[in-house]
Amino acid sequence: MTPAHGTLYIVSAPSGAGKTSLVKALLQRDPGVKVSVSYTTRKPRPGETNGVEYHFVDRDTFLRMRDSGDFLEHAEVFGNFYGTSRKGLDQQLRQGVDVILEIDWQGAGQVRKLMQSVGIFILPPSREVLLQRLRQRAQDSAEVIARRTAEAIIEIRHCDEYDFVVLNDEFERALAEMHTIIQAQRLRYGPQAMRLRAVLDNLLAHS
């Protein structure tokens with residue numbers, strides 16, 4: 001059977017919506033899905049590993065890569081730069097891997113103009129829960145939490161630009177919905193025609 005070209009999934013959410021936890025659980029459930037590891041100039045948080053959560057680089061390195069056209073998309077968030085490697089993403093997709101790109105609405109808009117993708121937006125159940133999750137992180141100051149809350153509202157206003165919206169009010173249900181989206185996408189005619197080319201050729205050989 002012919003391996004299908006992978007599908008690019010753009011997953012966006014406001015800070016505190018639970019995007020990272022959902023994506024990690026999805027990777028464990030489905031080995032055919034990988035995450036595109038972005039580049040960033042921010043410092044690693046406790047427990048983060050270079051090349052796993054992000055490629056951590058200094059500002060000068062990032063700007064050189066940006067100016068050389070290495071990034072499919074890039075943005076500045078809270079004073080730090082983030083960018084997606086064009087070459088790395090293309091390689092994964094050509095290998096038939098479904099790739100998740102975790103970026104904000106601005107980066108999503110840039111990517112949609114350049115390549116086909118499926119957009120998934122994750123919503124928190126309420127403003128109160130969003131604030132509670134941000135405070136429970138115990139990683140950010142009150143000022144940073146206030147900024148993230150303001151940015152979250154802006155992010156949510158762009159959820160209508162995505163193909164699917166998942167409400168993360170109950171984790172296992174939200175995870176199942178995300179997996180269903182990916183499974184359904186694989187059964188669309190385009191991906192299936194590539195995977196099942198030999199089967200189709202056999203069935204239609206004497207028609």
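Which residue just after helix 3 takes a positive phi? G96 does, at about 85°. The model discussed here is predicted. Its open sheet has five strands in the order 2-7-1-8-9, with parallel pairing.

- From one strand to the next, the twist averages 25°.
- Strand 1 (residues 8-12) and strand 8 (residues 118-123) run parallel and are joined by four bridges.
- Within this pairing, V11 stands opposite I120 in strand 8.
- Helix 1 (residues 19-29) packs on the sheet, where it touches strand 1, strand 2, strand 7 (98-102) and strand 8.
- The direction of helix 1 makes about 165° with that of strand 7.

**Helix 3**

- Helix 3 spans residues 86-94, and its buried residues are L89, Q92 and L93.
- Viewed down the axis of helix 3, these buried residues fall within an arc of 95°, so they line one face of the helix.
- The face turned away from the buried side of helix 3 carries the exposed residues K87 and R94.
- The cover over the buried residues of helix 3 includes strand 1, strand 2, strand 5 (71-77), strand 6 (80-85) and strand 7.
- At the start of helix 3, S85 places a side-chain oxygen within 3.1 Å of the backbone nitrogen of G88.
- Just after helix 3 comes G96, the glycine with the positive phi of about 85°.

**Helix 4**

- In helix 4 (residues 105-114), the buried residues are G107, A108 and V111.
- Around the axis they cover an arc of only 100°, which puts them on the same side of helix 4.
- Strand 1, strand 5 and strand 7 are what the buried residues of helix 4 pack against.
- At the start of helix 4, a side-chain oxygen of D104 comes to within 3.2 Å of the backbone nitrogen of Q106.

**Aromatic pairs**

- Six aromatic pairs are found in a search of the whole structure.
- One of them is the stacked pair of F62 and F81, with 5.4 Å centre to centre and 20° between the planes.
- F62 belongs to helix 2 (residues 59-67) and F81 to strand 6, so the pair ties together parts that are 19 residues apart in sequence.
- F62 and F81 are both buried.
- One aromatic cluster is formed by Y39, F62, F71 and F81.

- N168 sits in the loop between strand 9 and helix 7 (171-186).
- Buried or exposed? N168 counts as buried, because its relative accessibility is 4% and the limit for buried is under 20%.
- The side chain of N168 reaches the backbone oxygen of A17 at 2.8 Å.
- Leaving aside residues up to four places away in sequence, N168 touches A17, G18, L22, I122, L123, P125, R133 and A174.

- L167 has 32% relative accessibility and so counts as partly exposed.
- With residues up to four places away in sequence left out, L167 touches L123, P124, P125, R173, A174 and E177.

**F78, between strands 5 and 6**

- F78 is located in the loop between strand 5 and strand 6.
- F78 is not a glycine, although it has a positive phi of about 50°.
- At 25% relative accessibility, F78 counts as partly exposed.

Definitions and conventions
Residues are numbered from 1 along each chain as its sequence is written. This is a predicted model: local features need pLDDT of at least 70, side-chain atom pairs count only at pLDDT 80 or more; totals for chains, interfaces and linings use all residues. Side-chain values use heavy atoms; hydrogens and water are left out. Two strands pair if DSSP finds at least two bridges between them. Helices (H or I, at least four residues) and strands (E, at least two) are DSSP runs, numbered from the N terminus. Axes are lines fitted to C-alpha atoms, for helices over the stretch in contact, and angles run from 0 to 180 degrees between N-to-C directions. Contact means heavy atoms within 4.5 Å. Buried means under 20% relative accessible area, exposed over 50%, partly exposed in between (1.4 Å probe, protein chains only). The arc is that of the directions from the helix axis to the C-beta atoms. A polar contact is a pair of N or O atoms within 3.5 Å; within protein, one must be able to donate a hydrogen and the other to accept it, and residues adjacent in sequence count only if both atoms are side-chain atoms. Rings of Phe, Tyr and Trp (its six-membered ring) pair if their centres lie within 6.5 Å; planes under 30 degrees apart count as stacked, over 60 as edge-to-face and the rest as tilted.
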